[in-house]
Amino acid sequence: MSAASNPVTAMQLGLQSCEGCGLLSRPLSADGEGRCPRCDEELWFRKPASFQRTWAYLIAAAICYIPANLLPVLTTTTAAGAESDTIMQGVVLLWSPTGWPLSLIVLVASIMIPSAKILALMYLLITTQRGSVENNEQRIRLYRMIEFIGRWSMVDVFVDTFTAALIQLQPLMSVEPGPGLVFFAAVVVFTMLAVESFDPRLIWDSASTKEVSHA
Amino acid sequence: MPEREPPLPPVPESRSVPKKRTRFSLVWVIPIVAALVGGWVAVTRYLSQGEEITIVFRSAEGLDAGKTKIHYNGVDVGTITKIRLSDDHRSAIATAQMAPKTEEFLVDDTKFWVVRPRISGANISGLGTLISGAYIGMEIGKSKKDRDEFVALDTPPVISGEIPGRFFILKTLDLGSIDTGTPLYFRRLQVGQVASYELDRDGKYLTVKIFVRAPYDQYVNPNTRFWHASGIDLSLTANGLKVQTQSALSILIGGIAFETAPSALIPLPAEANTIFTLYSNRTEAFNPPPRHPQIYQLIFKDSVRGLTPGAPVEFRGIPIGEVTDISAQIDLKTFEFSVPVTIRLDPQRLGVKIFDVGPDVNLETMRHKLIDALVSHGVRAQIRTGNLLTGSAYVALDVFPGAPQATVDWLQNPVQLPTTSGQFVATEATVEDIINKLDKMPLKEIGDNLRKALADLDVTLVSARGTLVSAQGTFDNTSNLTGANSSQIQQLDETLKEVSRAARSLRVLADYLEGHPEALIRGKKGAAK
């Protein structure tokens, strides 16, 4: 842990950086609420109640993740009868000597990424709240990755809804989204909100305070 | 926020610290709501799951875990979730997840079966399963006892429990062409079907379960007779050829017919599951039951060709019994061949009424007296040909006044009745008699007379020819009179032309008068100028 990675933070100097335009300003009130003089963005030292909100969204996502995987996401009705498939059943269905790459995509995008996101955010929250100073760079890289990947998880939902909208050959075949899809969409939205409400600056706060207390 | 209190002396100011936002944030509502929704979904999913049952199938062919549905009246009431082999590897055990609120269906006598395309003589069913794959049909039982382990039927039941009607049981020795689904006819109207059949445990009889639809089930009463209406019933007896059929369908696939013997009293409809006998044909079905059968033996010395067990025994043309057995015997002393024929007489069964039977009259002694009297009057048994075409014979009891004296020995068992030689022997004698008479006929004289008569006829014919020629002349004259060139016809033609001209001028006059009515008074204008 080099000293360069633990510089004095703006908050320690009583300054706020604007999240919109990056301008440093001194807050008027002591509790730090105000607006950026340049871009009129709301200002705060750190995102308000970041831990709480992130935890709340994360727990909501984790709860929704269970029905998302247990309930069918797609109901296919053909002359042969109706058939409801969960995400995992879809993966199994697609798994064939020729179709395995597709199956793998579904597995990664729909099952592994959402769960990885939830687990990664939990790791970030726990380590940050405990004031860990280890692996700061790795943690911020993890955070950026989560933030980047997050929006792509919605692909699944879109594919499903498109299929449902397109395949409506009523007497012969029709595809309808199942209740699992709603929960899956909720998982994606909640993880995105959780990532959004997490303030990555908190990662360094503990390191900086430690540095300061050292100094 | 600490509050300031001005009247007090200067006190140290509290430090203003950036507020830690540790208070409960509204954002926690989101996971709570998510948890509630998730919990609600879980609860409804759990509640929407009905009972789990197991069904044992002989073969799970066409069944697919997770896909095969259980249908009741076309409604999806469950899904097969798991199929595994039974422990003895002989059957397949399927676990099915039933829909909610189906618990009351799952009772002791609820039946399950696999619906596959089936084609039988009478119908084709389950064609839809060719596309959709097999499904499991069910019939809800009436029992109140719950059950969750079932054994599937091998074949779907023919009759659904929903159709009103009643089951009856038929006992038969021979199944014939009966199968499940074989139609049941009442006056050639199809009123039911065979539901099932099985061999009795002792192997003697077959039990056929039939279903008669309401309202026809009320016509089944204790007097009803059932018989095989399979195909064409062709019987050739001493009484001739008899053909009986039901509908064209029953000719192809067989059937069962029933009818009730007409009687003065209409009995109450039979209870469900009443046992009836299934007769092999209509005649047998309506044969009245034996009343006072008596066995007698007749010993014939001539041929019994054409006589079969079942052949009628008639007394002066009235059937009073039937032949039951025919055998043969040889007397070793005289080397005489004879045929003992056993007959069973039951006149009362065949409708012969006996008048003035007192309550204390012993029928047995009366019968002995009667037969003794008949025999002494010359009543003998004789074999007669009933049907020249088929050669089938019957036993006739008739009066032969010239017959030698005979008596009946009532100590024998069976009692022998005296016989007389058959009709054939008698016929032979008659034929011989006729030939003798023919022989004595004066054939030569007849021939001479005939020749003379023919010569006379020749003369007559010649004179007839002359008459015919003169008749021809007369006809010719007539024809000249009316011919096309005769003067009468020409005159007639002239006269007709005159009339036609007169008619034309009359029409001209009429037309003119219509245009100029005044001409009647003033005369024709053109003529005046």
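Predicted model: local features only at pLDDT ≥ 70, side-chain atom pairs only at ≥ 80, totals over all residues.
A crossing counts as left-handed if the near helix is turned anticlockwise from the far one by less than a right angle, and right-handed if clockwise. Residues are numbered from 1 along each chain as its sequence is written, while chains are lettered from A and ligands numbered from 1 in the order in which they are written.

Take helix α1 (residues 50-70) of chain A against helix α3 (residues 100-129) of chain A: their axes come within 10 Å and cross at roughly 150 degrees (axes are lines fitted to C-alpha atoms over the stretch in contact, with angles from 0 to 180 degrees between N-to-C directions; helices are DSSP runs of H or I, at least four residues, numbered from the N terminus). The pair is therefore roughly antiparallel (over 145 degrees), and the crossing is left-handed. Residues meeting here (C-beta atoms, placed from the backbone, within 7 Å) include A:Trp55 and A:Leu58 of α1(A) and A:Ile118 and A:Leu121 of α3(A).

Then there is helix α6 (residues 179-197) of chain A, which packs on α1(A) at an angle of about 160 degrees, axes 8 Å apart. These two are therefore roughly antiparallel as well, and α1(A) passes α6(A) in a left-handed crossing. Among the residues making the contact are A:Arg53, A:Tyr57 and A:Cys64 of α1(A), plus A:Phe183, A:Val187 and A:Phe190 of α6(A).

How values were computed:
Parallel < 35°, antiparallel > 145°, perpendicular 65-115°, else oblique. Contact = placed C-beta atoms within 7 Å.
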